[in-house]
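Here is a friendly walk through one protein chain, written for someone who likes to know the cut-offs behind each term. Please have a look at the structure, and then read on.

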Amino acid sequence: MIAGIYADGTVDRVIDGDTVDVRFGSLVFRVRLVDCWAPEKIARGGDQFEKELGLLAKAAVELWIPKNSEVRVDVRIDVDGDFGDWLTFGRIVGRLTCDNVDIGEKLIEYGLAGRTKAELRSLIERRRKEAGS
């Protein structure tokens with residue numbers, strides 16, 4: 001088990017497939033799902049297919065954890081005792097669960113995200129071929 005800290009909060013808003021605003025009391029923090037790369041809903045280079053997949057991933061997360069859902073955010077602590085890369089682009093990087101279900105893992109299980117950027121690229125190309133695009 002990886003050491004870390006956690007906090008319970010409520011969903012304020014789903015930003016996209018791998019980013020959710022979570023309310024902790026009167027404060028709202030943006031949480032980026034750790035080890036989960038969802039397609040961009042505003043695809044770079046105008047890739048309409050990626051955009052559609054990104055919107056689908058966002059819609060799935062909104063369905064699974066609608067506004068005000070109770071969630072837990074787990075942030076890992078590295079073996080040397082620091083928080084490592086727990087903050088990126090102003091977002092907390094952590095595991096987000098609802099009723100003990102890992103939302104990032106669920107996205108991956110449903111074929112809506114990858115564990116790495118390379119896995120995401122492969123997923124998009126595979127889905128593109130399946131769709132005949």
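## The start of helix α1

The backbone nitrogen of Phe 49 lies 3.0 Å from a polar atom of the Asp 47 side chain. Seen from the helix, this is a side-chain oxygen of Asp 47 reaching to within 3.0 Å of that nitrogen at the start of α1. A polar contact here is a pair of N or O atoms within 3.5 Å; within protein, one must be able to donate a hydrogen and the other to accept it, and residues adjacent in sequence count only if both atoms are side-chain atoms.

Before going further, a word on the source: this is a predicted model, in which local features need pLDDT of at least 70 and side-chain atom pairs count only at pLDDT 80 or more, while totals for chains, interfaces and linings use all residues. Residues are numbered from 1 along each chain as its sequence is written, and side-chain values use heavy atoms, with hydrogens and water left out.

Asp 47 itself sits in the loop between β3 (27-33) and α1. Its side chain also makes a polar contact of 2.8 Å with the side chain of Arg 128. Is Asp 47 buried or exposed? Asp 47 counts as buried because its relative accessibility is 19%, where buried means under 20% relative accessible area, exposed over 50%, and partly exposed in between (1.4 Å probe, protein chains only). The areas come from the Shrake-Rupley method with a 1.4 Å probe, and for residues only the protein chains shown count as cover.

## The helix and what covers it

Helix α1 runs over residues 48-64, which is 17 residues. From its first C-alpha to its last it reaches 24 Å, close to the 24 Å expected at 1.5 Å a residue; the expected span is 1.5 Å times one less than the number of residues. Helices (H or I, at least four residues) and strands (E, at least two) are DSSP runs, numbered from the N terminus.

The buried residues of α1 are Phe 49, Glu 50, Leu 53, Gly 54, Ala 57, Lys 58, Ala 60, Val 61 and Trp 64. Their cover includes strands β1 (4-16) and β2, together with helices α2 (103-109) and α3 (117-131).

Strand β2 (residues 19-24) is also the place of Asp 21. With a relative accessibility of 7%, Asp 21 counts as buried. Beyond its neighbours within four places in sequence, Asp 21 is in contact (heavy atoms within 4.5 Å) with Thr 10, Val 11, Asp 12, Arg 13, Ile 15, Val 28, Phe 29 and Arg 30.

## Charged pairs

The structure holds 14 salt bridges, each a side-chain nitrogen of Lys or Arg within 4 Å of a carboxyl oxygen of Asp or Glu.

| Pair | N to O distance |
|---|---|
| Asp 8 and Arg 72 | 2.7 Å |
| Arg 95 and Asp 102 | 2.8 Å |
| Arg 115 and Glu 105 | 2.6 Å |

Take the salt bridge of Asp 8 and Arg 72 (2.7 Å, N to O). This pair links distant parts of the chain, with Asp 8 in strand β1 and Arg 72 in strand β4 (residues 70-76), 64 residues apart. Asp 8 is partly exposed at 48% relative accessibility, and Arg 72 is partly exposed at 29%.

The side chains of Arg 115 and Glu 105 meet at 2.6 Å. Arg 115 lies in the loop between α2 and α3, and Glu 105 in helix α2, 10 residues apart. Arg 115 counts as partly exposed at 36%, and so does Glu 105 at 34%. Elsewhere, salt bridges that share partners join Asp 12, Arg 23 and Lys 67 into one network.

## Cysteines and the whole chain

How many disulfides does the structure hold? It holds 0, counting a disulfide as a pair of cysteine sulfur atoms within 2.5 Å. Cys 36 is buried, with a relative accessible area of 0%, and Cys 98 is buried at 12%.

Now for the overall picture. The chain has 3 helices and 7 strands, and along the sequence they follow the pattern β-β-β-α-β-β-β-β-α-α. Of its 133 residues, 41% are buried. Among contacts with a separation of 6 or more, 60% come from residues 24 or more positions apart. The accessible surface comes to about 7,900 Å², and 53% of it belongs to carbon and sulfur atoms.
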